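I opened this notebook to keep track of what I looked up, one topic at a time. My plan is to take each chain by itself and then the place where the chains meet.

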Amino acid sequence: MKKGLLGFLILLLSSVSAQAEYYQIDTKGAHAFIEFRIQHLGFSWMSGRFNTFNGHYSYDENNPAKARVEVDIDVASIDTNHAERDKHLRGEKFLDTDAFPKASFISTSFDQKDDGTAVLTGDFTLHGVTKSIDINVEPVGHGNDPWGGYRRGFVGTTQFTIADYGIDVAKLGPSSQIIFLTLSIEGIRRSITDEPEADKPF
Amino acid sequence: MLNHFVSIDRNSGDNMLVGNTQTHYGWISITFHWSVAILTIALFFLGIWMVELDYYDNWYQQAPWWHKGLGVMTLILLIMRWVWSLFGASPSALSSISAWQQKAAHWVHSLMNLLILIICVSGYLIVTAKGKGLAVFDWFTIPSLVSNVANLEDLAGDVHYYLAYLLMALVLLHILAALLHHFVYKDKTLKRMFGQ
(Lines give C-alpha, C1' and ligand atoms only; values in the text may rest on other atoms or scores of the structure.)
Protein backbone atom coordinates (compact mmCIF):
# COMPACT_ATOMS: atom_id res chain seq x y z
CA MET A 1 0.00 0.00 0.00
CA LYS A 2 2.70 2.42 1.08
CA LYS A 3 4.90 1.30 -1.74
CA GLY A 4 2.05 1.76 -4.18
CA LEU A 5 1.47 5.35 -3.05
CA LEU A 6 5.16 6.19 -3.27
CA GLY A 7 5.33 4.69 -6.72
CA PHE A 8 2.30 6.70 -7.72
CA LEU A 9 3.88 9.89 -6.36
CA ILE A 10 7.13 9.23 -8.19
CA LEU A 11 5.18 8.58 -11.35
CA LEU A 12 3.20 11.79 -10.84
CA LEU A 13 6.33 13.85 -10.18
CA SER A 14 8.19 12.42 -13.12
CA SER A 15 5.25 13.02 -15.42
CA VAL A 16 5.04 16.62 -14.18
CA SER A 17 8.73 17.24 -14.71
CA ALA A 18 8.56 15.73 -18.15
CA GLN A 19 5.86 18.20 -19.08
CA ALA A 20 6.55 21.63 -20.41
CA GLU A 21 6.25 24.34 -17.80
CA TYR A 22 4.06 27.29 -18.63
CA TYR A 23 5.11 30.75 -17.61
CA GLN A 24 3.19 33.99 -17.62
CA ILE A 25 5.54 36.89 -18.30
CA ASP A 26 5.44 39.08 -15.20
CA THR A 27 4.35 42.38 -16.75
CA LYS A 28 1.89 42.89 -13.89
CA GLY A 29 4.73 43.18 -11.40
CA ALA A 30 6.90 44.88 -14.07
CA HIS A 31 9.66 42.31 -13.99
CA ALA A 32 9.86 42.28 -17.74
CA PHE A 33 11.12 44.96 -20.09
CA ILE A 34 11.26 45.56 -23.81
CA GLU A 35 13.96 48.13 -24.28
CA PHE A 36 15.44 49.50 -27.47
CA ARG A 37 18.37 51.62 -28.50
CA ILE A 38 19.01 53.58 -31.65
CA GLN A 39 21.87 55.86 -32.53
CA HIS A 40 21.29 59.58 -32.60
CA LEU A 41 23.09 61.32 -35.47
CA GLY A 42 25.90 58.79 -35.11
CA PHE A 43 27.01 60.63 -31.98
CA SER A 44 25.27 58.82 -29.16
CA TRP A 45 22.57 56.34 -28.16
CA MET A 46 18.93 57.06 -27.53
CA SER A 47 17.01 54.48 -25.58
CA GLY A 48 13.37 53.80 -24.91
CA ARG A 49 10.99 51.03 -24.08
CA PHE A 50 7.50 49.71 -24.62
CA ASN A 51 5.59 50.02 -21.37
CA THR A 52 2.61 47.81 -22.20
CA PHE A 53 2.88 44.25 -23.41
CA ASN A 54 1.95 40.78 -22.30
CA GLY A 55 3.02 37.30 -23.12
CA HIS A 56 3.77 33.80 -22.02
CA TYR A 57 6.15 31.02 -22.77
CA SER A 58 6.56 27.33 -22.23
CA TYR A 59 9.84 25.74 -21.34
CA ASP A 60 10.85 22.17 -20.69
CA GLU A 61 14.37 21.68 -19.37
CA ASN A 62 14.46 18.17 -20.80
CA ASN A 63 13.24 19.26 -24.19
CA PRO A 64 14.13 22.91 -24.71
CA ALA A 65 13.60 22.68 -28.46
CA LYS A 66 9.86 22.58 -27.73
CA ALA A 67 9.95 25.94 -25.96
CA ARG A 68 7.43 28.43 -27.28
CA VAL A 69 7.05 32.15 -26.76
CA GLU A 70 4.24 34.53 -27.60
CA VAL A 71 4.28 38.26 -26.87
CA ASP A 72 1.90 41.08 -27.81
CA ILE A 73 3.11 44.67 -27.61
CA ASP A 74 1.00 47.83 -27.42
CA VAL A 75 3.08 49.92 -29.82
CA ALA A 76 1.52 53.19 -28.64
CA SER A 77 3.04 52.56 -25.21
CA ILE A 78 6.43 53.57 -26.62
CA ASP A 79 8.26 55.70 -24.08
CA THR A 80 11.48 57.58 -24.78
CA ASN A 81 11.09 59.90 -21.79
CA HIS A 82 10.10 62.79 -24.07
CA ALA A 83 6.39 63.42 -24.73
CA GLU A 84 6.89 65.30 -27.99
CA ARG A 85 9.17 62.63 -29.43
CA ASP A 86 6.80 59.83 -28.35
CA LYS A 87 3.91 61.63 -30.04
CA HIS A 88 6.07 61.95 -33.13
CA LEU A 89 7.05 58.27 -33.10
CA ARG A 90 3.40 57.19 -32.80
CA GLY A 91 2.46 59.34 -35.79
CA GLU A 92 1.93 58.34 -39.40
CA LYS A 93 5.52 59.12 -40.37
CA PHE A 94 6.86 56.44 -38.04
CA LEU A 95 4.98 53.68 -36.20
CA ASP A 96 1.48 54.84 -37.24
CA THR A 97 -0.05 53.32 -34.13
CA ASP A 98 -3.60 54.27 -35.11
CA ALA A 99 -3.35 51.94 -38.09
CA PHE A 100 -1.00 49.39 -36.47
CA PRO A 101 -1.63 49.40 -32.73
CA LYS A 102 -0.20 45.96 -32.06
CA ALA A 103 3.17 44.33 -32.57
CA SER A 104 3.63 40.66 -31.84
CA PHE A 105 6.20 37.93 -31.65
CA ILE A 106 5.34 34.26 -32.12
CA SER A 107 8.20 31.82 -31.87
CA THR A 108 8.83 29.18 -34.51
CA SER A 109 11.92 27.49 -33.07
CA PHE A 110 14.20 27.47 -30.03
CA ASP A 111 17.70 26.19 -30.54
CA GLN A 112 19.45 25.74 -27.21
CA LYS A 113 23.18 25.15 -27.18
CA ASP A 114 25.21 23.16 -24.68
CA ASP A 115 26.25 26.25 -22.75
CA GLY A 116 22.61 27.10 -22.11
CA THR A 117 22.38 30.01 -24.55
CA ALA A 118 19.90 29.72 -27.34
CA VAL A 119 18.67 31.24 -30.54
CA LEU A 120 14.95 31.95 -30.49
CA THR A 121 13.49 32.34 -33.96
CA GLY A 122 10.03 33.68 -34.57
CA ASP A 123 7.68 35.81 -36.61
CA PHE A 124 7.81 39.41 -35.55
CA THR A 125 5.00 41.67 -36.72
CA LEU A 126 5.44 45.44 -36.62
CA HIS A 127 3.77 48.19 -38.64
CA GLY A 128 1.70 45.52 -40.39
CA VAL A 129 4.79 43.68 -41.67
CA THR A 130 5.71 40.19 -40.50
CA LYS A 131 9.28 38.93 -40.75
CA SER A 132 11.28 36.17 -39.16
CA ILE A 133 13.87 37.35 -36.64
CA ASP A 134 16.44 35.62 -34.47
CA ILE A 135 16.80 36.53 -30.81
CA ASN A 136 19.94 35.54 -28.90
CA VAL A 137 18.78 34.22 -25.57
CA GLU A 138 20.69 33.80 -22.34
CA PRO A 139 19.15 32.19 -19.29
CA VAL A 140 19.48 34.37 -16.19
CA GLY A 141 18.13 32.18 -13.43
CA HIS A 142 15.20 30.25 -12.06
CA GLY A 143 13.85 28.96 -8.79
CA ASN A 144 11.40 29.55 -6.00
CA ASP A 145 10.59 33.16 -5.29
CA PRO A 146 10.09 34.33 -1.68
CA TRP A 147 6.28 34.46 -2.09
CA GLY A 148 5.45 30.87 -2.95
CA GLY A 149 5.87 31.07 -6.69
CA TYR A 150 8.39 29.78 -9.15
CA ARG A 151 10.09 32.08 -11.61
CA ARG A 152 12.38 31.75 -14.58
CA GLY A 153 14.08 34.56 -16.44
CA PHE A 154 15.88 35.11 -19.71
CA VAL A 155 17.43 38.01 -21.47
CA GLY A 156 17.22 38.28 -25.24
CA THR A 157 18.95 40.58 -27.65
CA THR A 158 18.25 41.22 -31.29
CA GLN A 159 18.48 43.91 -33.92
CA PHE A 160 16.79 44.72 -37.18
CA THR A 161 16.72 47.32 -39.92
CA ILE A 162 13.70 49.52 -39.30
CA ALA A 163 13.03 50.03 -43.01
CA ASP A 164 12.41 46.26 -43.34
CA TYR A 165 9.11 46.89 -41.58
CA GLY A 166 8.03 49.61 -43.99
CA ILE A 167 8.97 52.49 -41.69
CA ASP A 168 10.97 55.14 -43.48
CA VAL A 169 13.69 56.42 -41.18
CA ALA A 170 16.06 57.59 -43.92
CA LYS A 171 15.47 61.14 -42.69
CA LEU A 172 17.06 60.26 -39.34
CA GLY A 173 20.41 59.72 -41.03
CA PRO A 174 22.55 56.71 -41.92
CA SER A 175 23.53 55.88 -38.32
CA SER A 176 19.94 55.53 -37.18
CA GLN A 177 18.69 52.77 -39.47
CA ILE A 178 19.11 49.81 -37.15
CA ILE A 179 17.31 49.32 -33.86
CA PHE A 180 18.80 47.21 -31.08
CA LEU A 181 16.46 45.46 -28.68
CA THR A 182 17.00 44.00 -25.24
CA LEU A 183 14.22 41.82 -23.88
CA SER A 184 14.36 41.14 -20.16
CA ILE A 185 11.78 38.51 -19.40
CA GLU A 186 10.75 37.04 -16.09
CA GLY A 187 8.06 34.37 -16.18
CA ILE A 188 5.97 33.11 -13.30
CA ARG A 189 5.23 29.42 -13.61
CA ARG A 190 1.61 28.57 -13.53
CA SER A 191 -0.66 25.59 -13.68
CA ILE A 192 -2.66 25.81 -16.85
CA THR A 193 -5.44 23.71 -15.38
CA ASP A 194 -6.17 26.57 -12.96
CA GLU A 195 -6.67 29.00 -15.81
CA PRO A 196 -9.83 29.58 -17.75
CA GLU A 197 -9.84 28.02 -21.20
CA ALA A 198 -9.57 31.30 -23.08
CA ASP A 199 -6.47 32.25 -21.17
CA LYS A 200 -4.52 29.10 -21.91
CA PRO A 201 -1.13 29.99 -23.23
CA PHE A 202 -1.07 28.01 -26.46
CA MET B 1 -9.76 104.47 -12.69
CA LEU B 2 -10.43 104.16 -16.37
CA ASN B 3 -12.45 107.31 -16.52
CA HIS B 4 -9.54 108.98 -14.90
CA PHE B 5 -7.24 107.81 -17.68
CA VAL B 6 -9.71 108.85 -20.32
CA SER B 7 -10.20 112.28 -18.82
CA ILE B 8 -6.45 112.84 -18.72
CA ASP B 9 -6.27 112.00 -22.37
CA ARG B 10 -9.11 114.26 -23.22
CA ASN B 11 -7.63 117.08 -21.22
CA SER B 12 -4.34 116.69 -22.99
CA GLY B 13 -6.12 116.94 -26.29
CA ASP B 14 -4.74 113.63 -27.47
CA ASN B 15 -7.01 111.83 -29.93
CA MET B 16 -5.69 108.43 -28.86
CA LEU B 17 -7.40 107.19 -25.73
CA VAL B 18 -5.82 104.94 -23.17
CA GLY B 19 -9.03 103.28 -22.06
CA ASN B 20 -12.18 102.58 -24.02
CA THR B 21 -15.25 104.78 -24.16
CA GLN B 22 -18.79 103.95 -25.30
CA THR B 23 -17.83 104.82 -28.86
CA HIS B 24 -14.05 104.37 -29.12
CA TYR B 25 -11.37 101.81 -28.41
CA GLY B 26 -8.41 103.05 -26.40
CA TRP B 27 -4.89 102.14 -27.43
CA ILE B 28 -4.52 99.43 -24.80
CA SER B 29 -7.48 97.47 -26.17
CA ILE B 30 -6.30 98.12 -29.72
CA THR B 31 -2.79 96.88 -28.94
CA PHE B 32 -4.20 93.77 -27.29
CA HIS B 33 -6.41 93.07 -30.28
CA TRP B 34 -3.71 93.36 -32.93
CA SER B 35 -0.97 91.62 -30.99
CA VAL B 36 -3.20 88.63 -30.24
CA ALA B 37 -4.37 88.66 -33.88
CA ILE B 38 -0.87 88.71 -35.35
CA LEU B 39 0.47 86.14 -32.89
CA THR B 40 -2.46 83.77 -33.41
CA ILE B 41 -2.16 83.79 -37.19
CA ALA B 42 1.65 83.63 -37.11
CA LEU B 43 1.57 80.70 -34.65
CA PHE B 44 -0.84 78.81 -36.90
CA PHE B 45 1.42 79.03 -39.93
CA LEU B 46 4.56 78.49 -37.87
CA GLY B 47 2.91 75.38 -36.43
CA ILE B 48 1.85 73.75 -39.69
CA TRP B 49 5.24 74.60 -41.20
CA MET B 50 7.43 73.34 -38.37
CA VAL B 51 5.84 69.88 -38.10
CA GLU B 52 6.82 69.18 -41.71
CA LEU B 53 10.47 70.16 -41.23
CA ASP B 54 13.13 67.62 -42.06
CA TYR B 55 15.08 66.25 -39.09
CA TYR B 56 18.28 67.78 -40.41
CA ASP B 57 16.70 71.19 -41.09
CA ASN B 58 18.32 74.15 -39.31
CA TRP B 59 14.90 75.14 -38.02
CA TYR B 60 13.99 71.70 -36.64
CA GLN B 61 14.86 72.73 -33.08
CA GLN B 62 14.49 76.50 -33.41
CA ALA B 63 10.97 76.65 -34.88
CA PRO B 64 9.30 74.77 -31.99
CA TRP B 65 11.33 76.92 -29.57
CA TRP B 66 9.72 80.02 -31.05
CA HIS B 67 6.31 78.39 -31.33
CA LYS B 68 6.29 77.48 -27.62
CA GLY B 69 7.61 80.83 -26.43
CA LEU B 70 5.25 82.87 -28.59
CA GLY B 71 2.38 80.56 -27.66
CA VAL B 72 2.86 81.29 -23.97
CA MET B 73 3.14 85.02 -24.76
CA THR B 74 -0.20 84.75 -26.54
CA LEU B 75 -1.80 83.08 -23.53
CA ILE B 76 -0.45 85.79 -21.22
CA LEU B 77 -1.76 88.50 -23.56
CA LEU B 78 -5.13 86.76 -23.78
CA ILE B 79 -5.45 86.71 -19.99
CA MET B 80 -4.29 90.32 -19.65
CA ARG B 81 -6.74 91.33 -22.35
CA TRP B 82 -9.57 89.56 -20.55
CA VAL B 83 -8.66 91.20 -17.23
CA TRP B 84 -8.49 94.59 -18.94
CA SER B 85 -11.92 94.04 -20.46
CA LEU B 86 -13.37 93.42 -16.99
CA PHE B 87 -12.36 96.87 -15.84
CA GLY B 88 -12.96 98.95 -18.93
CA ALA B 89 -16.06 99.90 -20.85
CA SER B 90 -16.54 98.12 -24.12
CA PRO B 91 -17.68 100.30 -27.02
CA SER B 92 -21.19 99.39 -28.16
CA ALA B 93 -21.68 98.04 -31.62
CA LEU B 94 -22.75 100.63 -34.14
CA SER B 95 -26.49 101.14 -34.06
CA SER B 96 -26.64 100.54 -37.80
CA ILE B 97 -25.68 96.91 -37.27
CA SER B 98 -28.62 94.53 -37.04
CA ALA B 99 -29.29 92.67 -33.82
CA TRP B 100 -28.52 89.21 -35.23
CA GLN B 101 -25.16 90.41 -36.55
CA GLN B 102 -24.30 91.89 -33.16
CA LYS B 103 -25.22 88.61 -31.54
CA ALA B 104 -23.25 86.60 -34.12
CA ALA B 105 -20.22 88.89 -33.67
CA HIS B 106 -20.38 88.44 -29.92
CA TRP B 107 -20.46 84.66 -30.23
CA VAL B 108 -17.61 84.55 -32.74
CA HIS B 109 -15.47 86.82 -30.52
CA SER B 110 -16.14 84.71 -27.44
CA LEU B 111 -15.53 81.46 -29.27
CA MET B 112 -12.25 82.71 -30.75
CA ASN B 113 -11.00 83.65 -27.29
CA LEU B 114 -12.10 80.31 -25.86
CA LEU B 115 -10.37 78.44 -28.69
CA ILE B 116 -7.12 80.37 -28.24
CA LEU B 117 -7.23 79.48 -24.55
CA ILE B 118 -7.84 75.76 -25.20
CA ILE B 119 -5.22 75.65 -27.97
CA CYS B 120 -2.62 77.25 -25.67
CA VAL B 121 -3.39 74.84 -22.84
CA SER B 122 -3.37 71.79 -25.12
CA GLY B 123 -0.03 72.91 -26.58
CA TYR B 124 1.37 73.15 -23.09
CA LEU B 125 0.06 69.64 -22.36
CA ILE B 126 1.81 68.17 -25.43
CA VAL B 127 5.15 69.41 -24.15
CA THR B 128 4.63 68.63 -20.48
CA ALA B 129 2.72 65.32 -20.75
CA LYS B 130 5.67 63.28 -19.52
CA GLY B 131 6.72 65.59 -16.71
CA LYS B 132 9.12 67.90 -18.54
CA GLY B 133 8.56 71.63 -18.14
CA LEU B 134 7.84 74.02 -20.98
CA ALA B 135 10.75 76.39 -21.62
CA VAL B 136 9.59 79.88 -22.58
CA PHE B 137 12.47 81.16 -24.71
CA ASP B 138 15.42 81.08 -22.34
CA TRP B 139 13.61 83.13 -19.78
CA PHE B 140 11.76 80.69 -17.58
CA THR B 141 10.22 77.23 -17.53
CA ILE B 142 6.63 76.39 -16.73
CA PRO B 143 6.57 73.12 -14.77
CA SER B 144 4.49 70.13 -15.78
CA LEU B 145 1.24 69.86 -13.83
CA VAL B 146 -0.45 66.86 -15.46
CA SER B 147 1.76 63.94 -16.40
CA ASN B 148 0.08 60.75 -15.29
CA VAL B 149 -2.46 60.41 -18.09
CA ALA B 150 -1.58 57.71 -20.64
CA ASN B 151 -0.82 59.09 -24.10
CA LEU B 152 -1.89 62.57 -22.99
CA GLU B 153 0.45 64.09 -25.58
CA ASP B 154 -1.54 62.43 -28.38
CA LEU B 155 -4.92 63.55 -27.06
CA ALA B 156 -3.62 67.09 -26.47
CA GLY B 157 -2.05 67.00 -29.93
CA ASP B 158 -5.36 66.18 -31.61
CA VAL B 159 -7.14 68.95 -29.70
CA HIS B 160 -4.35 71.40 -30.55
CA TYR B 161 -4.44 70.49 -34.24
CA TYR B 162 -8.16 70.41 -34.98
CA LEU B 163 -9.09 73.43 -32.86
CA ALA B 164 -6.34 75.46 -34.57
CA TYR B 165 -8.05 74.85 -37.92
CA LEU B 166 -11.45 75.69 -36.41
CA LEU B 167 -9.98 78.88 -35.00
CA MET B 168 -8.56 79.84 -38.39
CA ALA B 169 -12.01 79.31 -39.95
CA LEU B 170 -13.45 81.73 -37.39
CA VAL B 171 -10.58 84.18 -37.97
CA LEU B 172 -11.41 84.12 -41.68
CA LEU B 173 -15.07 84.76 -40.88
CA HIS B 174 -14.05 87.60 -38.56
CA ILE B 175 -11.83 89.18 -41.23
CA LEU B 176 -14.52 88.84 -43.91
CA ALA B 177 -17.06 90.45 -41.58
CA ALA B 178 -14.68 93.34 -40.86
CA LEU B 179 -14.09 93.85 -44.60
CA LEU B 180 -17.84 93.64 -45.22
CA HIS B 181 -18.39 96.47 -42.73
CA HIS B 182 -15.62 98.53 -44.26
CA PHE B 183 -16.24 98.11 -47.97
CA VAL B 184 -19.93 97.20 -48.26
CA TYR B 185 -21.66 98.81 -45.29
CA LYS B 186 -18.99 101.53 -45.27
CA ASP B 187 -19.30 101.95 -41.50
CA LYS B 188 -16.63 102.61 -38.84
CA THR B 189 -16.41 99.09 -37.39
CA LEU B 190 -12.97 98.33 -38.81
CA LYS B 191 -11.67 101.87 -38.47
CA ARG B 192 -12.50 101.82 -34.76
CA MET B 193 -9.99 99.04 -34.29
CA PHE B 194 -7.35 101.40 -35.70
CA GLY B 195 -8.22 104.08 -33.14
CA GLN B 196 -10.74 106.17 -34.98
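This is a predicted model: local features need pLDDT of at least 70, side-chain atom pairs count only at pLDDT 80 or more; totals for chains, interfaces and linings use all residues.

Residues are numbered from 1 along each chain as its sequence is written, chains are lettered from A and ligands numbered from 1 in the order in which they are written, and side-chain values use heavy atoms, with hydrogens and water left out.

**Chain A.** I looked up the secondary structure and found 2 helices and 11 strands, where helices (H or I, at least four residues) and strands (E, at least two) are DSSP runs numbered from the N terminus. Read from the N terminus, the order is α-β-β-β-β-β-β-α-β-β-β-β-β. Of the 202 residues of chain A, 40% count as buried, a word that I use for under 20% relative accessible area, with exposed for over 50% and partly exposed in between (1.4 Å probe, protein chains only). I then checked contacts (heavy atoms within 4.5 Å): among those in chain A with a separation of 6 or more, 55% are between residues 24 or more positions apart.

**Cores.** I next asked which residues have the most contacts inside the largest nonpolar core. A nonpolar core is a set of buried Ala, Val, Leu, Ile, Met, Phe, Trp, Tyr and Cys residues joined through side-chain atoms within 4.5 Å. This one has 42 residues, and the residues in question are A:Ile34, A:Tyr57, A:Ile73, A:Phe124 and A:Leu126. A second, separate core of 20 residues includes B:Leu77, B:Val108, B:Met112 and B:Leu167.

**Chain B.** Here I recorded 6 helices and 2 strands, in the order α-α-α-α-β-β-α-α from the N terminus. The C-alpha atoms of chain B fill a box of roughly 55 × 35 × 35 Å along the principal axes, and buried residues make up 38% of its 196 residues.

**One residue, B:Ser29.** I found B:Ser29 in helix H2 (residues 27-50) of chain B, and because its relative accessibility is 11%, B:Ser29 counts as buried. Its side chain makes a polar contact with the side chain of B:Asn20 (2.9 Å); such a contact is a pair of N or O atoms within 3.5 Å, where within protein one must be able to donate a hydrogen and the other to accept it, and residues adjacent in sequence count only if both atoms are side-chain atoms. Beyond its neighbours within four places in sequence, B:Ser29 is in contact with B:Asn20 and B:Trp84.

**Interface.** How many residues of each chain are in contact with the other? I noted 16 residues of chain B and 17 residues of chain A. The area buried between them is about 1400 Å², of which carbon and sulfur atoms give 48%; buried area is the accessible area (1.4 Å probe) that two parts lose on being put together, summed over both. In chain B, the residues that lose the most area to chain A are B:Tyr55, B:Tyr56 and B:Lys130, together 40% of what that side buries. I also noted 6 salt bridges between the chains, each a side-chain nitrogen of Lys or Arg within 4 Å of a carboxyl oxygen of Asp or Glu. B:Glu52 and A:Lys93 meet in a salt bridge through their side chains (3.6 Å, N to O).
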